[in-house]
Amino acid sequence: MAAWAGGERLYLQVCFPGPHKPFDPTSEVLARIDPDDPRMPPAILQAPAPPLAPLVQQVLLEKGEDFDEQSVRRLQQHYFAKVSLVDDGVGDVFAALKAAGLYDRAWIIVHSDHGELLGDHQLTGKRLGYEGAIRVPLMIRPPGGTTPWTDDGQVDQLDVTATILALCGLDPTGYGDRDLSARVLGGPQGPQAHQTKPVMYENLGMVGIRDERYKLGWDLATGRPVELYDLVADPQERANRVLDPALRGALDDLVATLRTLRPLPVDDWNG
């Protein structure tokens, strides 16, 4: 980076391997995090209730310890201490950019590929489609900075890919969905701000789709919807309403959207 003389665009990617198990920060870093801090996310201690998706059943069979409020707080403390170590690393990258005179010339994107359940639903890990596992941070700083603001619209990793390609002067067609750079520069009142779209996720035989209110889980082996959550009425995803006739319209809409986004190899379900 220090040897870059300008001219061609410079792309730098720094990947941190954590936070991943084991959540084993040093005692010094662990002391930064107060497990009783009221800003800690509230624990979701209720185990998943029927109907259970096949992948949820599998993960429950592998489950070890049971979680209570105290054990969740301890797990959160160790996890966020490891996040704090990543924050230190990001700060080192920023310092190197400043030392090279590039900090205010660069687009900076800070992003994660998955979250962690941290005892939510009596589970840990990243394999299931609950919010704690699939909602991830995305922060974008344009050259010279901007007044901080929060965009309420859903974006996904394809949007991040498209943004990086476009900023590098490359055509993102076929590799990404939406270039977010104009959206960032336009600010919270700009024409693209808060635009949303359904986003899809997939893992271990489950594919899901989430819009601004509902989340659908589809089992690829059986070719059937197996999860439906109303994220407005039930933000902690305590009640799987895939069999609820009151949400049949929402279910049908999400299935139709999913079919436009991804071929479903086993798809004989028509309700």
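## Nonpolar cores

A nonpolar core is a set of buried Ala, Val, Leu, Ile, Met, Phe, Trp, Tyr and Cys residues joined through side-chain atoms within 4.5 Å. Buried means under 20% relative accessible area, exposed means over 50%, and partly exposed lies in between (1.4 Å probe, protein chains only). This is a predicted model, in which local features need pLDDT of at least 70 and side-chain atom pairs count only at pLDDT 80 or more, while totals for chains, interfaces and linings use all residues. Residues are numbered from 1 along each chain as its sequence is written, and side-chain values use heavy atoms, with hydrogens and water left out.

The largest nonpolar core has 16 residues. Leu216, Trp218, Leu228, Leu251 and Leu258 have the most contacts inside it. Strand 4, strand 5 (214–219) and helix 7 (248–261) each supply at least two of its residues. Helix 7 gives the largest share, five residues. A second, separate core has 13 residues, among them Ala53, Ala133, Met206 and Leu231. In soluble globular proteins, nonpolar side chains tend to be buried together.

Which residues does Leu216 touch, not counting those up to four places away in sequence? Its partners are Tyr201, Val207, Gly208, Ile209, Pro225, Glu227, Leu228, Leu251, Leu254, Val255 and Leu258. Contact here means heavy atoms within 4.5 Å.

## Overall fold

The protein has seven helices and six strands. Helices (H or I, at least four residues) and strands (E, at least two) are DSSP runs, numbered from the N terminus. Along the sequence the pattern is α-α-α-β-α-β-α-α-β-β-β-β-α.

The C-alpha atoms fill a box of roughly 60 × 45 × 35 Å, taken along the principal axes. Of the 271 residues, 38% are buried. Among contacts between residues at least 6 apart in sequence, 61% join residues at least 24 apart.

## Second largest pocket

A 1 Å grid over the protein atoms alone defines both kinds of space: a cavity is a set of points where a 1.4 Å probe fits but cannot get out, and a pocket is an open set with protein on both sides within 12 Å along at least five of seven lines. Lining residues have an atom within 4 Å of a point. Grid points are joined across faces, edges and corners, and a volume is the space filled by probe spheres set on the points.

The second largest pocket has a volume of about 1,700 Å³. Its lining counts 48 residues, with Ile134, Arg135, Val136, Val155 and Asp156 nearest the centre. Elements giving two or more residues to this lining include helix 2 (54–62), helix 5 (157–167) and strand 4 (206–210). Strand 3 gives the most, with five residues. By class, the lining has 23 nonpolar, eleven polar and 14 charged residues. Ala, Val, Leu, Ile, Met, Phe, Trp, Tyr, Cys and Pro count as nonpolar, Asp, Glu, Lys and Arg as charged, and the others, Gly among them, as polar.

## Cavity and Tyr229

The whole structure holds one cavity of 30 Å³ or more. About 60 Å³ of space lies in the largest cavity. Its lining has 13 residues, and Pro48, Ala49, Tyr130, Tyr229 and Asn240 lie nearest the centre. Nine lining residues are nonpolar, one is polar and three are charged.

Tyr229 sits in strand 6 (residues 224–230). Tyr229 is buried, with a relative accessible area of 5%. Leaving aside neighbours within four places in sequence, Tyr229 is in contact with Tyr130, Arg213, Tyr214, Lys215, Asp234, Glu237, Ala239 and Asn240.

## Aromatic pairs

There are four aromatic pairs. Rings of Phe, Tyr and Trp (its six-membered ring) pair if their centres lie within 6.5 Å; planes under 30 degrees apart count as stacked, over 60 as edge-to-face and the rest as tilted.

The rings of Phe23 and Tyr79 have centres 5.3 Å apart and planes at 80°, so the pair is edge-to-face. Phe23 lies in the segment before helix 1 (27–30) and Tyr79 in helix 3 (residues 69–99), so the pair ties together parts 56 residues apart in sequence. The rings of Tyr79 and Phe80 have centres 5.4 Å apart and planes at 80°, so this pair is edge-to-face too. Ring pairs link Phe23, Tyr79 and Phe80 into a cluster. Tyr79 is buried at 11% relative accessible area, whereas Phe80 is partly exposed at 25%.

## Backbone details

Two cis peptide bonds can be named: Gly18 to Pro19, with omega near 5°, and Lys21 to Pro22, with omega near 0°. Pro19 is in the segment before helix 1, and Pro22 lies in the segment before helix 1 as well.

Leu118 has a positive phi of about 55° although it is not a glycine. Leu118 is found in the loop between strand 1 (108–111) and helix 4, and is buried at 7% relative accessible area. His194 has a positive phi of about 65°, again without being a glycine. His194 is in the loop between helix 6 and strand 3, and counts as partly exposed at 31% relative accessibility.
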